[in-house]
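Colleague: Please put the model up, and then we can go through it by question and answer.

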Amino acid sequence: MSRDVTADKDPWIGLGMAEAAAGAKVGPVPVADILAGGRRLRHRRRAVVGAVALASVLALTGGALAELRPDPAAGRLAPAGSGAASAAPTPAPTAATAGPAVRDPFTPVRVRIGQGVSNGRTWELWQALWPVAPKERAYEQALAVWQERAPFDPAVSKPTEDFVAHYWDPDADVVNTYLVVDGVRLQHDSEGTTPSPGKLDSRAATDVGGGLVGRSTKDGIVPPVDVVLISVGPDVGRVVVTWTDGTTTEPQPVTVGDSPTRRLAVARPGTMRAKSWQFFDRNGKQLPNNDAKYLTEASF
C-alpha cells in the first residue's frame, strides 16, 4: 500500500478527519497533519505520516519538569524568521543505537532521517519519537510536545485535556517531523502517530507512505528545498527513485528508536522531476507502488 500526502493543517483542528484521510488516493492533497492522531482501528494497515508525516509520514501536537524540555540539540535551533544564526543539530545516533534502554514518554528519541545539499542550501530532516504515555499522563505528554513545537510555529494550537483523552491510542507512539535548512528549523512541521513496538499489523509489513515536508499550501509556506519523507514497513528492503535525466537515487531507511516502521528522506536534485518510484521487499521482489507521485511535479 502506498499513500502520497502533504502537510498542511494543524492536527488539533483536523484529527477528527483522520480515518477518512487515511483512505485517500495518491495525490497532492494536503492531508499529512490531518492524520495526526484520530482514533484508529487497531488492525488497520497503517504507515507513518509527518511530518511530513504518515507521518509523514508521519501529524498528539508545561510543566516545570526538566525532562519536558526539548533535546539540547534541538534547543540550538532558531525559529525560522528569527534572524538568528544557529548551529546544526548534533549528529543523531545510528539506527542500531537510536533507542533508549527504557521507553520514557517524556524523553523523545531524536534521529536525523537524512541530510544533503540542494540548490545550494544545506538541509536536514529530523524526527522525534515520543513513546506512548499512559492515558493518565497523555495530556502531560501532549503539552510537552506542544511546548517544543510552539516556539517554531506559533500557529500550532495548545491541546485540550478532553481532546487528548478522546484520541489517545495505547498502541501508537507520537512522532514530530521537522526540516532544518542552513541550521534553522523551519516553521511548518508535522506531527502524527506510528505503531508502537509489537503493535504493527502484519498486513502493513510492506506498506509505503509519505509526502513533502515543511510545506503548507493553506498558509503559503514553501520551503527552499523539496524534501519527501517516506515511511516503509519492516519488510520493505529497497527503494529506487529514477529521475527524468535517467539517474537514480536509493535512499537508505533509518530506524527511529524501536519503531517497527522505518523512514527515509529524498530531496529533489535541483529542479529535476522524479520519473518513477520502485519498491522492493527484502527478497528483491518488486512491490506495487500504487502510482506514487512524489516529486513528479515541477518544483514550486
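Modeller: Helices (H or I, at least four residues) and strands (E, at least two) are DSSP runs, numbered from the N terminus. This is a predicted model, in which local features need pLDDT of at least 70 and side-chain atom pairs count only at pLDDT 80 or more, while totals for chains, interfaces and linings use all residues. Residues are numbered from 1 along each chain as its sequence is written, and side-chain values use heavy atoms, with hydrogens and water left out.

Colleague: How many helices and strands are there in the chain?

Modeller: By the DSSP runs just defined, the chain has both kinds of element. The count is 5 helices and 15 strands.

Colleague: What percentage of the residues in the chain is buried?

Modeller: Buried means under 20% relative accessible area, exposed over 50%, and partly exposed in between (1.4 Å probe, protein chains only). The chain has 300 residues. Of these, the buried share is 55%.

Colleague: In which order do the strands of the open sheet run?

Modeller: Two strands pair if DSSP finds at least two bridges between them. The open sheet has 4 strands with antiparallel pairing, and its edge strands, strand 11 (248-249) and strand 15, each pair on one side only. Strand 10 (residues 236-243) is joined to strand 11 by 2 bridges, and Val 241 has Thr 249 as its bridge partner in strand 11. The order is 11-10-14-15.

Colleague: Which residue in the turn between strand 3 and strand 4 has a positive phi?

Modeller: Strand 3 (residues 109-118) pairs with strand 4 (residues 121-130) in the antiparallel sense over 9 bridges. The two strands form a hairpin with 2 residues between them. The positive phi, about 55 degrees, belongs to Asn 119.

Colleague: Is Ser 118 buried or exposed?

Modeller: Ser 118 is found in strand 3, where 7 of the 10 residues are buried, and stands opposite Arg 121 in strand 4. Leaving aside neighbours within four places in sequence, Ser 118 is in contact (heavy atoms within 4.5 Å) with Trp 123, Val 225, Arg 268 and Gly 270. The relative accessible area of Ser 118 is 3%, so this residue is buried.

Colleague: Why is the pair of Trp 277 and Phe 279 called stacked?

Modeller: Rings of Phe, Tyr and Trp (its six-membered ring) pair if their centres lie within 6.5 Å; planes under 30 degrees apart count as stacked, over 60 as edge-to-face and the rest as tilted. The structure holds 3 aromatic pairs. In the pair of Trp 277 and Phe 279 the centres are 6.4 Å apart, and the pair is stacked because the planes stand at 15 degrees.

Colleague: Which residues do ring pairs link into a cluster?

Modeller: Trp 277 and Tyr 294 form an edge-to-face pair, with 5.1 Å centre to centre and 85 degrees between the planes. Trp 277 lies in strand 14 (residues 274-281) and Tyr 294 in the segment after strand 15 (286-287), so their pair ties together parts that are 17 residues apart in sequence. Trp 277 is buried at 2% relative accessible area, and Tyr 294 is buried at 2%. The cluster consists of Trp 277, Phe 279 and Tyr 294.

Colleague: Over the ring of which residue does the charged end of Arg 238 sit?

Modeller: A charge sits over a ring if NZ of Lys or CZ of Arg is within 6 Å of the ring centre and within 35 degrees of the ring normal. Arg 185 lies over the face of Tyr 178, at 3.8 Å from the ring centre. For Arg 238 the distance to the ring centre is 5.1 Å, and the ring is that of Phe 280.
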